[in-house]
Amino acid sequence: MSALTVRQVRGRYLTLYGLRWLPTGLMIPVMILLMQERGLSLPQIGLVSTAQGLLVLALELPTGGLADALGRRPVLIAAGALNLASLALFAVADSFVLFFVVWALQGVYRALDSGPLESWYVDATLAADPDAEYERGLGYAGAVTGGAIAGGALVSGGLIALGPIGPVTALTVPVLAAILAQVVALVALVVLLVEERPATGVAALRSSVVQAPRMIGEAVGLLRRSRVLLALVAVELFWGFGMVTFESLLPVRLAEVIGDPERAAALLGPANSAAWLASAAGAAMTPLLLRWLGAAPGAAVLRILQGVTVVGMGLFAGPVGVLVAYLACYAVHGASNPLHSGLLHRQVDGPYRTSVLSLNSMMAQPAGALGGVVLTALAAATSVGTAMLVGAVVLAVAAPLYLPAWLAGRRATPTAEPLAAPVPGEPGVAPAVEPLAAPVPGEPGVAPAVEPTTAPVPAAER
């Protein structure tokens, strides 16, 4: 890892990140429609998709610990291979059981894929230059994600418009394109992601599996020892609950204001592509937000702004107003992710980085499920607008949870160390004093970072 420069790490990370999300963009427009074409009802589609959520919830922490113990590269390669297998099965699946297996494979894939690439990027950047800023790179990755998904969705629409190719239906053609894109992504991963590991082979794998539970336990221990980290992870609970408003309720709200579900569905296709482009634009604003507000204050302001955009979706009377608020919501969403991720990384050392990211990601799963149940029930009992207002309040309420990170940043000194592994109370370990977070450039009272000489613009995911 240390042989790469900051610029090289950034370039490889962004390339791999874009290739990782391109198959997703190709699949988004056809997933539901293709399952319906193959004979599944909407309730059956909802049921098979639960396989992914349940497996992600169950495996998020174990796979994060495995990535920290075994290495990020082998875990990511395994994830890419599983995604390829699930896409290949999706192309031919024609029954409830086969689609259930597809979604189960997707759940394992997403659990393995959650965090290792981002952790590799941060550790590789710091190995190349310990003083390098990586928050900007996380912002650029968000922009790449939005561009890749939007571009994939547009290509998918074009492929569908071309019609069937021989025995292959029009809705199946984008799936074949996604398979090809995943093959390219897997080859690029093998070639571009380099990682120094102390050992390889069966013995190393056995040792890593044994170490994974310890890595998980120590990552959980970090939450007990740091109010800053605990507050940051708690943000995800509010975030997961509130995201139901713009991921699930928006289509219903749009159909409500238009008065025609079919016209609303026709608008949602280009609106989704535009939303991901807005997310990419928001993520590209990360360097400016760091300079103007700082990471923690900026993240807090964005939580409130996102609540305001959801209020707009719930209150505006016409489709134009609803869609403008929807695009603004995704722009804020894209800007929020890199700031939140950067604050998380500042609180943890490399050996436990992926485990902590998995903890953070895992919080959104039960919160999203609860939000889906509560907000849809509220929408049915009252109105979609009322449910959106409640979700907006939940999103905004998370803003004060960034206060501990901001205070820690103001108190930080250049010699402050990241969190270490020992757990307070163990023999020979003194009671822990909560560590001060590393200074985040651009925050009040923190001098701007000196740019590394190897990369005048420091390196560019959730």
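Predicted model: local features only at pLDDT ≥ 70, side-chain atom pairs only at ≥ 80, totals over all residues.

Reader: Why is Thr 245 called buried?
Author: Buried means under 20% relative accessible area. Thr 245 has 0% relative accessibility, so it counts as buried.

Reader: What does Thr 245 touch?
Author: Leaving out residues up to four places away in sequence, Thr 245 touches Leu 250, Val 310, Leu 375, Ala 387, Met 388, Gly 391 and Leu 395.

Reader: And Gln 106, how do you know whether it is buried or exposed?
Author: The cut-off for buried is under 20%, and Gln 106 has a relative accessible area of 11%, so it is buried. You'll find Gln 106 in helix α5 (residues 96–113). Its contacts, again skipping residues up to four places away in sequence, are Gln 52, Asn 83 and Ser 86. Also, the C-alpha atoms of Gln 106 and Ser 49 are 9.4 Å apart, though 57 residues separate the two along the chain.

Reader: How do you know what span to expect for helix α7?
Author: Take 1.5 Å times one less than the number of residues. Helix α7 (residues 135–161) has 27 residues, which gives an expected 39 Å; from first C-alpha to last it reaches 40 Å, close to that value. After α7 comes Gly 163, with a positive phi near 85°.

Reader: What makes α10 and α15 roughly antiparallel?
Author: Angles over 145 degrees count as roughly antiparallel. Helix α10 (residues 227–242) and helix α15 (residues 319–346) pack at about 155°, with axes 10 Å apart, so they are roughly antiparallel to each other. On the α10 side, the contact includes Leu 229 and Trp 239, and on the α15 side, His 333 and Leu 344 are among the residues involved. The contact residues divide into seven nonpolar, four polar and one charged. The crossing of these two helices, α10 and α15, is left-handed.

Reader: Why are α1 and α6 called roughly antiparallel?
Author: Helix α1 (residues 6–27) and helix α6 (residues 116–128) cross at roughly 170°, and their axes come within 9 Å. The cut-off is over 145 degrees, so α1 and α6 are roughly antiparallel.

Reader: Which kinds of residues make the contact of α1 with α6?
Author: There are 10 nonpolar, one polar and three charged. Among them are Val 6, Arg 10 and Tyr 13 in α1, and Glu 118, Trp 120 and Thr 125 in α6.

Terms used
Residues numbered from 1 in each chain as written. Heavy atoms only, no water. Buried < 20%, exposed > 50% of the residue type's maximum accessible area, 1.4 Å probe, protein only. Contact = heavy atoms within 4.5 Å. Helix = DSSP H or I, 4+ residues; strand = E, 2+ residues; numbered from the N terminus. Axes fitted to C-alpha atoms, helices over the stretch in contact; angles between N-to-C directions. Parallel < 35°, antiparallel > 145°, perpendicular 65-115°, else oblique. Left-handed = near helix turned anticlockwise from the far one by under 90°. Nonpolar A, V, L, I, M, F, W, Y, C, P; charged D, E, K, R; others polar.
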